[in-house]
Amino acid sequence: MMNKIVNLRHIAVIVSVVIMAIGMAVGTICHFVSNGFFNYGDEFASYKSVEVTTSVPEDINGELLGTIAAEELSSLGAYKVSFAEGSGIQPNTVIYKFPASASDSDLQAAVDSIIARFEERGLEDGSASLHSNTGVAGGIWQLNYAAIALASAVVIQAIYFAIRLKPGMALSAVLSQLAAVGVYASLLAITRCPVGLEAIALAAVLTVITMICNGIFFGKVKSLYKDESNAKANKLSLVATGAESTAKFGAFICIAFAAAAVIFAVFALIASPSIQTLLPYVVCIIAAAACAYNFAVFAPANYAQLCGLDRRGK
């Protein structure tokens, strides 16, 4: 299998470029017609919300609250609805979240109608209010510092590989990191999975796993270069052998990563049955898929094109 990937190395690299190009195209289109390049989660997204409350003594289980809010707001395009049952002095609360493009006049009319209906029913403590949240995606300090940290780690890795291994391996490692993060970001843009803080954390995990897999792969290839019995062997065959011999380790890491995400998703779904609950774990699966693609396809195919830069021996 690895021999085929190495022999088709140009196609493997082209596939990566195509995935990233599609991601860029989808993200760019969504930037102008939707809420942004990515489908930003609540931490980063701009949105409008209507918060409706009733006191517990007047509306014990919040049933009336839910009915009135649904009748007035459900037709306005809310993408998320959350309900919190009150207790003691804490009121029953329902929050409807809408895209930033939602009409202020329509939402305010719904708020006024809800308040009027509360007054008709004598719910003096009932309230409704419209809020706007301006997201700061693209300029958030978390993303900036994460990018700086990951870039620094990749540079340090490249320097270490150039000294400890080979120059071609160092260059290939940098390109592999860029491809892994690029494919990951592109898949997020294409699938429109919500991008929140967990997506940034998973980018860091993806980078670390890619570093580990690249280190093991290139270390194995270097040992094959140094083996005198391989003195007459073709370099591409040694690259394929190195990739095949380290594939199980990389596969184990990625499968374990994906399996952990699935297990946590099951428990989360039991605690809160909702599609919104599952979406962060879908991001985990995407990160695992990007990592698996990188070590199984891109890294060996990419280095097969750069191995001519490295001499055999020490």
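Colleague: Is Ile-263 buried, partly exposed or exposed?

Modeller: Please keep in mind that this is a predicted model. Ile-263 is found in helix α8, and its relative accessible area is 47%. Buried would require a value under 20% and exposed a value over 50%, so the class for Ile-263 is the one in between, partly exposed.

Colleague: Which helix gives the most to the nonpolar patch on the surface?

Modeller: The patch is formed by Val-262, Ile-263, Val-266, Phe-267, Ile-270 and Ile-285, which together have about 580 Å² of accessible area.

Colleague: Which strands stand at the edges of the open sheet, and why is one side of each left without a neighbour?

Modeller: The sheet has four strands in the order β3-β4-β2-β5, paired in the antiparallel sense. A strand at an edge has a single partner strand, so one side of it is left without a neighbour in the sheet, and this holds for β3 (80-84) and β5 (127-133).

Colleague: Over how many bridges do β2 and β5 pair?

Modeller: Strands of a sheet pair through backbone hydrogen bonds, either parallel or antiparallel. Here Tyr-47 stands opposite Asn-133 in β5. Strand β2, residues 47-54, pairs with β5 in the antiparallel sense, and the number of bridges is seven.

Colleague: At what angle to β5 does helix α4 run?

Modeller: Helix α4, made of residues 104-120, lies across β2, β4 and β5. Its direction relative to β5 is given by an angle of about 160 degrees.

Notes:
Residues numbered from 1 in each chain as written. Predicted model: local features only at pLDDT ≥ 70, side-chain atom pairs only at ≥ 80, totals over all residues. Heavy atoms only, no water. Patch = residues over 30% accessible without salt bridge, like charges linked within 9 Å, V, L, I, M, F, W, Y side chains within 5 Å. Areas by Shrake-Rupley, 256 points an atom, 1.4 Å probe, with all protein chains shown as cover. Salt bridge = Lys/Arg side-chain N within 4 Å of Asp/Glu carboxyl O. Helix = DSSP H or I, 4+ residues; strand = E, 2+ residues; numbered from the N terminus. Buried < 20%, exposed > 50% of the residue type's maximum accessible area, 1.4 Å probe, protein only. Pairing = 2+ DSSP bridges. Contact = heavy atoms within 4.5 Å. Axes fitted to C-alpha atoms, helices over the stretch in contact; angles between N-to-C directions.
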